[in-house]
Structures are given as C-alpha cells and as structure tokens.
Number of protein chains: 2
Amino acid sequence: MTTSASSRDHCSRRGDLAAPCSVCGAKEFNICQPLDPARQASLYARAVRLHWARREPVFAAGQPARHVYNLTEGMVALSRSLADGRRQIFGFLLPGDFIGLEAGDAYGCDAETLSDAKACRFDRATFDAFLRDNPDVALGLVRAASSDLAQARQHELLLGRKTAVERVASFLLDLRNRAGERHLRTQPLSLPMTRSEIADYTGLTIETVSRIFGRLKSQGTIDLADATAVRVLDEARLKRLSEGAD
Amino acid sequence: MTTSASSRDHCSRRGDLAAPCSVCGAKEFNICQPLDPARQASLYARAVRLHWARREPVFAAGQPARHVYNLTEGMVALSRSLADGRRQIFGFLLPGDFIGLEAGDAYGCDAETLSDAKACRFDRATFDAFLRDNPDVALGLVRAASSDLAQARQHELLLGRKTAVERVASFLLDLRNRAGERHLRTQPLSLPMTRSEIADYTGLTIETVSRIFGRLKSQGTIDLADATAVRVLDEARLKRLSEGAD
DNA sequence: GGGGCGCTTTGATCGAAATCAACCGTGCAA
DNA sequence: TTGCACGGTTGATTTCGATCAAAGCGCCCC
C-alpha cells in the first residue's frame with residue numbers, strides 16, 4: 001500500500017474542508033456529498049476519504065500508480081531525491097489540487113504531507129472511466145495538467161537562473177498568490193514547511209534561506225513573528241526583489 | 001503571425017523527413033499523405049508544411065496560441081527569459097515532438113529553431129475538433145503531456161541539485177537516449193546547439209560548459225572532433241558522472 | 001589573401017552561496 | 001528538573017562556478 005500505516009479510511013472526525021473535493025464534491029470529511037448523484041455514483045461510491053498526520057508519505061516514486069487523490073485539506077510536497085540524498089522539491093500542493101494525476105504506470109515522484117492533510121482517493125481505473133463519461137471534467141484536468149507544466153517551467157527558470165534572494169522572494173509571492181486564489185489567505189501567511197523544505201524547493205541550503213529571511217526582515221520587506229509566520233509588509237519591493245531589481 | 005518572415009508554406013523542396021508527421025502522417029515535406037483519409041480529411045486538408053532556417057522564432061511567449069505544430073525535421077528549443085536577458089532553456093525538441101500543445105490562450109514560452117527545421121502546422125480549433133473525434137490520438141497526447149511534465153521535473157532536479165559536471169553529463173546522456181529512441185542516433189552525436197544554448201539549458205555559463213567538455217575529453221570519457229561532434233567513449237563512466245559518483 | 005565576425009577555448013581572479021561550526025530556544029520524555 | 005533532539009539563526013571559512021580577459025579558429029565576404 002502507498003498510504004502510511006496511520007492513515008484511516010472514513011475517519012470519524014467531521015468538519016468543513018478547506019476545499020470540497022473537486023471530483024466527488026464532498027464538503028465534509030466523512031460524508032459523501034456528490035454534486036450529481038446519478039452521474040457520479042460509480043465514482044463516489046468508491047471514493048475513500050483519507051487523512052494523514054504531518055510528514056507522512058502519500059506515495060513514493062516508483063510505486064505502481066493505483067490511485068489518484070484530490071487534496072481537500074492540508075499541504076503536500078512533491079519531490080525526488082538523488083541516490084546520495086540530495087532532494088529537489090517540485091512544488092507544494094494546496095487544497096483542491098490533484099495528486100498523482102500525471103503518473104503513468106508508476107508514480108514519478110515522492111509525495112509527502114507537510115501538515116495534517118485530508119484527501120479523497122479514487123481508484124485509477126474508476127477515475128479514468130469517470131473521465132471518459134465526463135469530458136467536461138476531463139477537459140478541466142487537461143487544463144490543470146498544462147498549468148502544472150507551466151508552473152514546472154517557471155520553477156526551472158527560478159532554479160537555473162535566479163539568485164538566492166530572487167528565489168526566496170519568488171517562493172513567498174507564489175505561495176501567497178496561490179493561497180489567495182483559493183481563499184486560504186491568512187494574515188500573516190503561515191508556512192507549514194520547514195527551512196529545509198524551503199531550501200529543497202529553492203535549490204539552496206537552510207542557512208542561506210535563513211539568512212535571506214533575516215535580511216528581508218531587517219529591510220522591513222517582511223515581518224517574522226516566528227519562523228513560520230510571515231507577514232508581507234512591502235509586496236511591491238518583494239516583487240522587485242523576485243525579478244532582479246534592487 | 002507567429003512564424004518568421006522567411007518561413008514558407010508548401011515549400012517546393014521534397015525528400016524524406018526525419019519523422020513523418022504523427023498527426024497527418026505526411027512522409028514527405030510537400031505532399032499530403034495521411035494514414036486514414038476519410039477520418040482525417042478535415043484536419044490534413046488544412047495542415048500546412050513549414051520550414052525555417054537556423055535560429056528563427058516559431059513563436060514567442062505571450063503571443064496568442066493559434067497553432068499547434070508537429071516537428072518533422074530539425075531541432076527546436078523552448079525557453080523563457082527574465083527581463084534582464086538571463087535565459088533558461090527548458091528543452092530541445094526532436095522530430096516527432098509537438099510544439100505549443102500545452103499552451104492555453106497564449107504561448108507560455110519562446111520556441112526557436114536550432115537548425116533548419118520542418119513542421120506540420122495545424123489550426124488549434126481544427127486540431128481540437130480532430131482530437132474530439134479521435135480519442136485514441138487524444139489519449140496519446142495526454143501521455144505525451146505527462147511525459148513532458150516528468151521531463152520538466154527531471155530537469156528541475158538537475159538545475160536545483162546537480163553539480164556542473166553532473167549537469168553536462170546528464171545533458172549528453174539524455175540527448176543521446178532521446179536521439180537513439182527516434183532512430184536519429186548518429187555516431188558521433190552531432191550537436192546543433194551552441195555552447196551558449198547548452199549553458200542556458202544546464203543553468204551554467206559557456207565557459208564552464210566548455211571547460212567541462214574539455215575535462216571529459218582529456219579523461220577519455222568523450223571525444224570531440226570539433227565543438228559540435230561528440231562521441232561518447234565511456235558511457236558507463238558518463239552515467240556515473242551524471243549521478244554524482246567519481 | 002586578408003580582415004572581421006561569431007563561436008570556442010583557456011587562464012586569472014572574484015564572489016555568492018556552500019560548508020563547517022557554534023549556539024539558541026522549544027518541546028518532550030526520562 | 002535535566003537532558004536531549006530538532007529546528008532555526010548566526011559567524012567564519014572555503015569552494016565551485018561566475019566573471020573578466022585574451023587569444024585561437026574557422027568561415028564568409030570583400
């Protein structure tokens with residue numbers, strides 16, 4: 001199995017999710033609440049709600065890709081490591097995002113929770129059949145896949161050509177924008193990831209990330225109540241820094 | 001128009017292509033030769049064969065994405081630049097690859113030829129309609145898109161976490177494998193791209209790329225007849241170098 | 001032939017970020 | 001309460017690749 005030992009199906013906790021499952025429409029964690037019961041019956045009947053604690057694997061690179069997930073709460077990191085342990089994080093997934101959608105026979109990267117997280121899980125075969133019957137949903141997924149590629153290329157530009165300051169500023173702005181889009185904007189922005197995960201995303205070391213946070217703080221560009229609570233004080237400046245000005 | 005001034009429709013030169021167009025099946029540059037005339041009539045009737053000289057733009061980031069291309073001969077680079085000119089090349093396209101497939105309303109990157117190149121061009125609307133009628137082709141494209149994403153992530157790992165030697169070794173092996181897959185393997189491997197383009201792909205400078213080529217040559221790992229003709233002498237060693245051993 | 005241009009190579013030096021090394025604060029378990 | 005593990009910050013030093021500089025080599029055009 002790809003989900004960790006402590007993940008539970010149909011967990012007994014209840015409550016609103018950060019985002020309803022975009023496939024089966026579930027709005028609460030343990031209740032099936034599809035938008036269109038007739039069409040989606042075969043799919044949601046088999047959908048399973050899962051939740052994980054912080055720092056648990058959802059799946060690992062190379063495992064057979066038997067499931068597709070729709071994240072409804074929490075944050076998940078996609079990454080891949082070299083044999084000697086050097087790790088590159090590709091991105092941080094937010095509620096509403098799909099996990100494992102692009103996989104062929106096997107998952108191409110590791111997926112790990114960065115916080116408590118919840119997701120709807122679908123069997124790949126069931127999911128594919130559902131897409132065949134629902135071209136509108138399928139079209140939406142094609143768009144989502146294109147946007148993943150666009151994001152990956154943006155990230156390639158960051159890793160290949162930006163300085164350390166530009167990388168960290170870009171990371172902060174990007175996270176802020178994506179959180180804002182999904183109405184998850186909190187003030188201050190709370191970061192579930194550690195300095196080590198930010199370093200592995202930006203292609204830097206934890207020391208460099210820490211120093212740059214310090215510099216941004218002393219400049220007055222951001223405020224740090226603690227290491228995880230970032231308040232952007234000067235967005236325009238942060239934007240300039242992310243593009244190589246200053 | 002996105003194609004350059006010197007591109008010509010239905011060019012009068014003839015001859016076998018490196019790869020037949022994977023959509024309309026054209027095997028020669030100026031002759032429509034579809035695999036299944038009945039089904040594909042609406043598409044191939046409007047397909048246009050183009051060719052470009054070296055270093056010509058196919059399209060630029062931000063332009064309205066009106067066309068989809070299938071490269072049949074030559075090589076094209078996808079890239080994106082920062083305001084100050086720093087450029088990141090995302091990949092090198094070979095015959096058989098699609099160009100501009102993942103674009104939404106506008107192209108997300110610059111596409112430029114690295115050599116003389118030929119392609120079949122389709123109107124996006126026509127192409128989309130064709131895909132709706134040919135789900136098998138559409139499925140193939142979904143797989144192609146997934147593999148683009150996998151490749152982009154491999155490249156993120158290269159840019160974020162590999163050393164200069166590892167990057168150049170990975171670049172050479174990757175190009176070699178992809179050329180081999182498509183029966184374009186030449187011995188020695190001939191590189192249509194300059195040191196500057198290799199640098200922009202690997203996130204290095206031309207001087208560093210040149211020095212590493214020199215080092216690989218003096219080690220006996222590769223042989224360089226001239227700057228563009230690379231013969232891999234010790235593939236196993238190159239593989240080890242690309243992964244951090246040695 | 002010669003001169004200039006674009007690309008590559010090679011050498012010397014510099015600098016941004018990595019590495020090495022303490023040290024701090026917090027939370028947790030003995 | 002102590003001790004320790006973990007994450008974060010900060011300082012000293014090193015290093016890898018960038019930058020600066022110069023020269024070599026086709027290649028094309030005059």
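How many residues from chain B and from chain A does the contact take? Here are a few notes on this predicted model, starting with that point.

1. The contact draws on 29 residues from chain B and 29 residues from chain A. Between them the two chains bury about 2,800 Å², with 57% of it on carbon and sulfur atoms. On the chain B side, the residues that lose the most area to chain A are Arg153(B), Glu156(B) and Arg161(B), together 28% of what that side buries.

2. Do have a look at the charged and polar pairs. The rule finds 6 salt bridges across the interface of chain B and chain A. In a salt bridge between the two chains, the side chains of Arg153(A) and Glu102(B) meet at 2.8 Å, N to O. The count of residue pairs in polar contact between chain B and chain A is 20.

3. As for the elements involved, strand E5 (76–81), strand E6 (87–93), helix H3 (135–161) and helix H5 (195–202) of chain B each supply at least two residues of the side that touches chain A. H3(B) gives the most to that side, with 11 residues. By class, the side of chain B that touches chain A has 10 nonpolar, 7 polar and 12 charged residues.

4. Finally, a residue in chain B to pick out: Leu173(B), found in helix H4 (residues 164–181). Leu173(B) counts as buried because its relative accessibility is 8%, and the cut-off for buried is under 20%. Leaving aside neighbours within four places in sequence, Leu173(B) is in contact with Glu235(B), Leu238(B), Lys239(B) and Ser242(B). Leu173(B) and Leu238(B) lie 65 residues apart in sequence, yet 7.5 Å apart in space, C-alpha to C-alpha.

Key: Residues are numbered from 1 along each chain as its sequence is written. Chains are lettered from A and ligands numbered from 1 in the order in which they are written. This is a predicted model: local features need pLDDT of at least 70, side-chain atom pairs count only at pLDDT 80 or more; totals for chains, interfaces and linings use all residues. Side-chain values use heavy atoms; hydrogens and water are left out. Helices (H or I, at least four residues) and strands (E, at least two) are DSSP runs, numbered from the N terminus. Buried means under 20% relative accessible area, exposed over 50%, partly exposed in between (1.4 Å probe, protein chains only). Contact means heavy atoms within 4.5 Å. Buried area is the accessible area (1.4 Å probe) that two parts lose on being put together, summed over both. A salt bridge is a side-chain nitrogen of Lys or Arg within 4 Å of a carboxyl oxygen of Asp or Glu. A polar contact is a pair of N or O atoms within 3.5 Å; within protein, one must be able to donate a hydrogen and the other to accept it, and residues adjacent in sequence count only if both atoms are side-chain atoms. Ala, Val, Leu, Ile, Met, Phe, Trp, Tyr, Cys and Pro count as nonpolar, Asp, Glu, Lys and Arg as charged, and the others, Gly among them, as polar.
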